[in-house]
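Visitor: I'm new here, and I'd like to learn how to read a structure one feature at a time. Could you walk me through this one?

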Amino acid sequence: MLRQIIQESKVKAVRELLGRSERIVITCHMSPDGDAIGSSLGLMHVLAAIGKEARVVTPDIPPQILRFLPGAKDIVPYSKYTDFARQLLCDADLIFCLDFNSLYRVDHMRDDLASSSAPKVLVDHHQDPEDFADVIISHPDQSSTAILMFRLLCRLELFNLIDRKAAMCIYTGMMTDTGNFSYNSNDPDLYVVIAELIRKGINKDEI
Ligand SMILES: [Mn+2]
C-alpha cells in the first residue's frame with residue numbers, strides 16, 4: 001500500500017471545505033504542462049462524480065498536445081474568456097491551486113485569483129510555497145502534483161470515484177513530470193499508483 005504522507009489535519013480541512021462547497025474552481029500555472037492539466041482534470045472528474053460544479057480555469061490556453069485528455073475541451077482559459085473566468089473565480093466557494101507555489105505563476109490572472117473570497121487549497125510539489133492559500137499541501141519530494149492529487153483523493157476516500165477518465169489525466173501528469181518515468185522515478189509508490197491506474201482501465205501505451 002501507499003505510504004501516507006499528507007498530514008491528517010490537512011486532509012480533514014479539505015474534507016470540510018468540500019463538504020460546504022458547490023461551485024469549485026481548479027486552477028494551475030500559466031503555460032500549463034501535462035502535470036498542471038492532468039492533475040486539474042483528474043480532480044475535476046472526481047468532483048463532478050460527487051455532484052460538485054467543478055470548472056478548470058487556466059491562465060492561458062493549454063497546449064494542443066493535451067487536448068486529448070478527457071474534459072480538456074471544457075477548460076476555461078482566462079486569457080481567452082476573461083470575463084467568464086473572472087466570474088467563475090468570483091462566484092466560487094472553493095478554489096484549488098495546483099502545481100504552482102507563487103501567485104506570480106498565474107500571470108495576469110493574479111489579481112482576480114487573489115481577490116476571490118473563496119478559500120484556497122494549494123496542492124503542489126515545488127519548493128517554498130508562498131503563503132497565499134488556506135490549506136497548503138506542499139510536498140517537494142513528490143515527483144508530480146498528479147501523484148499528490150492521487151494520494152489526496154485516496155485520503156479523502158474518493159479512490160472509488162477515480163474513473164478511467166480521471167485515471168488517464170492523473171497518469172499523464174505523473175508521466176510528464178518524470179520524463180516518462182526516466183527521472184525522479186525511484187519511489188516505489190509511483191509504481192503502486194500506476195498499477196491502480198491501469199486497474200482503472202487506462203491504456204498507458206495510448207497516452
Ligand atoms: Mn509539476
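Visitor: Let me start with two strands: how many bridges join β1 to β4, and in which sense do they run?

Guide: Keep in mind that this is a predicted model. As for your strands, β1 and β4 run parallel, with five bridges joining them. To see one of these pairs, find Ile26, whose bridge partner in β4 is Phe96.

Visitor: And what does Phe96 stand opposite in β5?

Guide: Phe96 stands opposite Val121 there. β4 and β5 (residues 120-124) also pair in the parallel sense, over four bridges. Two further places to look are Leu98, which stands opposite Val123, and Ile95, whose bridge partner in β5 is Lys120.

Visitor: Now the whole sheet. What is the order of its strands?

Guide: Read across the sheet, strand by strand. The order is β3-β2-β1-β4-β5-β6, an open sheet of six strands with parallel pairing. β3 and β6 (135-138) are the edge strands, since each pairs on one side only. On the β6 side, four bridges join β5 to β6, and these two run parallel. Asp124 stands opposite Ser138 in β6.

Visitor: How many residues of β4 are buried?

Guide: For a strand, check both faces. Five of the five residues of β4 are buried, so this strand is largely enclosed by the rest of the structure. Leu94, Phe96 and Leu98 are buried on one side, and Ile95 and Cys97 on the other. β5 is mostly covered too, with five of its five residues buried. There, one side holds Lys120, Leu122 and Asp124, while Val121 and Val123 are on the other.

Visitor: On to helices. Which residues of α3 are buried?

Guide: Start with the general idea. An α-helix has 3.6 residues a turn, so residues three or four places apart point the same way. In α3 (residues 82-91), the buried residues include Ala85, Leu88 and Leu89. They cover an arc of only 95° around the axis, which puts them on the same side of α3. The face turned away from that buried side carries Asp83 and Cys90, which are exposed.

Visitor: What covers the buried residues of α3?

Guide: The cover includes β1 (23-28), β2 (53-58), β3 (76-77), β4 (94-98) and α4 (110-115). α3 lies across β1, β2, β3 and β4, and runs at about 130° to β2. Helix α5 (residues 145-155) packs on the sheet as well, touching β4, β5 and β6, and its direction makes about 120° with that of β5.

Visitor: There's a metal too. Which residues coordinate the manganese ion?

Guide: The manganese ion is coordinated by Asp35 (OD), Asp99 (OD), His125 (NE2) and Asp177 (OD), at 2.1 to 2.3 Å. Along the chain, these donors follow the spacing D-x63-D-x25-H-x51-D. Asp35 lies in helix α2 (residues 34-49) and Asp177 in the loop between α6 (164-176) and α7 (188-199), so the pair ties together parts that are 142 residues apart in sequence.

Definitions and conventions:
Residues numbered from 1 in each chain as written. Predicted model: local features only at pLDDT ≥ 70, side-chain atom pairs only at ≥ 80, totals over all residues. Heavy atoms only, no water. Donors = N, O, S within 2.8 Å, 3.2 Å for Na, K, Ca; no water. Buried < 20%, exposed > 50% of the residue type's maximum accessible area, 1.4 Å probe, protein only. Arc of directions from axis to C-beta. Contact = heavy atoms within 4.5 Å. Pairing = 2+ DSSP bridges. Axes fitted to C-alpha atoms, helices over the stretch in contact; angles between N-to-C directions.
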